Amino acid sequence: MELTHRPVISSTGLFTPGDVITNEELVASFNAYVERFNAEHAAEITAGEVEPLQPSSVEFIEKASGIKARHVMAKEPVLDPAIMAPRWDERSNDELSIMAEIGVKAARQALERAGRDPADVDAVLCAASNMQRAYPAMAIEIQNELGIDGFGFDMNVACSSATFGIQTAADYIRAGNAKSVLVVSPEITSGHLNWRDRDSHFIFGDVATAVLVEDAAIAPAAHWDILGTKLKTVFSNNIRNNFGFLNRAHPDSAGTADKLFVQEGRKVFKEVVPMVAQMIVDEAGRLGIDPQSLRRLWLHQANAGMNRLISHRVLGHEANEDESPTVLDTYANTSSAGSIIAFHQHSEDLAPGDTGLICSFGAGYSAGTVFVRKTA
């Protein structure tokens, strides 16, 4: 079969953990921790040496983010005021790691939906905001479990990892170096979230997604043509996570809050919204697409307010749920997987010829756009 070197999205896959934490449950847990902390430090608080912690509320969370619930890999320890972090048994080196496990589940669904045998896949890219270990690569473990004879590697561009992975896969197709590439994004974000921080304890949820990017020559009849991709990074400290292998060089601070997710939310909102909106409009123009003609926007699911403003600037009007669907309310922010979940769950109803945009943005800053058009 002669390859076209034209990349398409053949299918997507999604794994959703069974455990759900509602805002009501999360607030009850957080406020119990606040009461315990303030009671234990009552003397220091009275003396002005320690600032008392402030309780959270369902109203605060939903107004700040639009999030109502989130899926997690381990619910009970996260809600335990004495733990407030995920817990599970450590696996041996001979067992499939937990991050690879959920990535494989999403990947298998994507392969099944495309009618693709793993033997037909050339590469696996594990694109996520955090990796369980440095090496062997999670991608190679996923590749091995699926039985793919090819290559794989990990890539991390925080919340934009999936779209950066899609462009990377598309470039392999364009160059003729691969005909079928899996982009897998296992996001166990509960592991890097500070569940004891009032400003961010509600933000993240766990999930895994997979995107099968292939040459049009071998794709199933129903697929999405990739019209163009664009990536952008601008350095910023406003979203940061300082956890890493060199933390052992300064053990006194190895467990401080900056080794988990931290952000300056207002600065992020102010700086990212115009950057991403302009990037979308400029890239649409380069591709000869009227941005206001886009049938649907599958945007990064981090904040309802950000998506509302970005979609308004792109479409020229307030977007409705059909034009810019939301999964943030039930999944929370799932980092790089968010826009892929939205695409996975809200794309089958589009008609052949409809054009849409998968877009992610986040720490880095980083942003990625993937313009797609549905075929028959």
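Helices (H or I, at least four residues) and strands (E, at least two) are DSSP runs here, numbered from the N terminus. The structure is a predicted model, in which local features need pLDDT of at least 70, side-chain atom pairs count only at pLDDT 80 or more, and totals for chains, interfaces and linings use all residues. Residues are numbered from 1 along each chain as its sequence is written, and side-chain values use heavy atoms, with hydrogens and water left out.

## Aromatic pairs and a charge over a ring

Rings of Phe, Tyr and Trp (its six-membered ring) pair if their centres lie within 6.5 Å; planes under 30 degrees apart count as stacked, over 60 as edge-to-face and the rest as tilted. On this basis the whole structure holds 8 aromatic pairs. In one of them, Tyr-33 and Phe-37, the ring centres are 6.3 Å apart and the planes meet at 45°, so the pair is tilted. Tyr-33 and Phe-37 both belong to helix 1 (residues 23-40), where a spacing of 4 residues separates them by about one helical turn. An α-helix has 3.6 residues a turn, so residues three or four places apart point the same way. Ring pairs also bring in Phe-30, which forms a cluster with Tyr-33 and Phe-37.

Burial is judged by relative accessible area (buried under 20%, exposed over 50%, partly exposed in between; 1.4 Å probe, protein chains only). Tyr-33 is buried at 13%, and Phe-37 is also buried at 18%.

Phe-204 and Phe-261 make an edge-to-face pair, with 4.8 Å from centre to centre and 90° between the planes. Phe-204 lies in the loop between strand 6 and strand 7 (206-215) and Phe-261 in the loop between strand 9 and strand 10, so the pair ties together parts that are 57 residues apart in sequence. The relative accessible area of Phe-204 is 2%, which makes Phe-204 buried; Phe-261, at 9%, is buried as well.

A charge sits over a ring if NZ of Lys or CZ of Arg is within 6 Å of the ring centre and within 35 degrees of the ring normal. The charged end of Arg-198 sits in this way over the ring of Phe-60, 4.1 Å from the ring centre.

## The two sides of helix 3

Helix 3 has buried residues at Val-58, Ile-61 and Ser-65. These residues cover an arc of only 70° around the axis (taken from the directions from the helix axis to the C-beta atoms), which puts them on the same side of helix 3. The face turned away from this buried side carries the exposed residues Glu-59 and Lys-63.

## Pockets

A pocket is an open set of points on a 1 Å grid over the protein atoms alone, where a 1.4 Å probe fits, with protein on both sides within 12 Å along at least five of seven lines; lining residues have an atom within 4 Å of a point. Grid points are joined across faces, edges and corners, and a volume is the space filled by probe spheres set on the points. In the classes below, Ala, Val, Leu, Ile, Met, Phe, Trp, Tyr, Cys and Pro count as nonpolar, Asp, Glu, Lys and Arg as charged, and the others, Gly among them, as polar.

| Pocket | Volume | Lining by class |
|---|---|---|
| Largest pocket | about 1500 Å³ | 26 nonpolar, 17 polar and 5 charged residues |
| Second largest pocket | about 1100 Å³ | 19 nonpolar, 16 polar and 10 charged residues |

The largest pocket is lined by 48 residues, of which Asn-130, His-192, Asn-241, Phe-243 and Lys-259 are the closest to its centre. Helix 5 (98-114), strand 6 (180-188) and strand 9 (239-240) each give two or more residues to this lining, and strand 6 gives the most, with 3 residues.

For the second largest pocket, Ala-64, Ser-65, Gln-263, Phe-269 and Asn-303 lie nearest the centre among 45 lining residues. At least two residues of that lining come from each of helix 3 (58-65), strand 10 (262-263), helix 8 (265-286), helix 9 (304-315) and strand 12 (355-362).

## Backbone exceptions

Most residues other than glycine have a negative phi, and most peptide bonds are trans. The bond from Tyr-135 to Pro-136 is cis, with omega near -5°; Pro-136 is placed in the loop between strand 4 (123-127) and helix 6 (138-146). Gly-364 and Tyr-365 are likewise joined by a cis peptide bond, with omega about -10°, and Tyr-365 is in the loop between strand 12 and strand 13 (366-374).

Ala-332, a residue other than glycine, has a positive phi near 65°. Ala-332 lies in the loop between helix 10 (328-331) and helix 11 (338-345) and is buried, at 0% relative accessibility.
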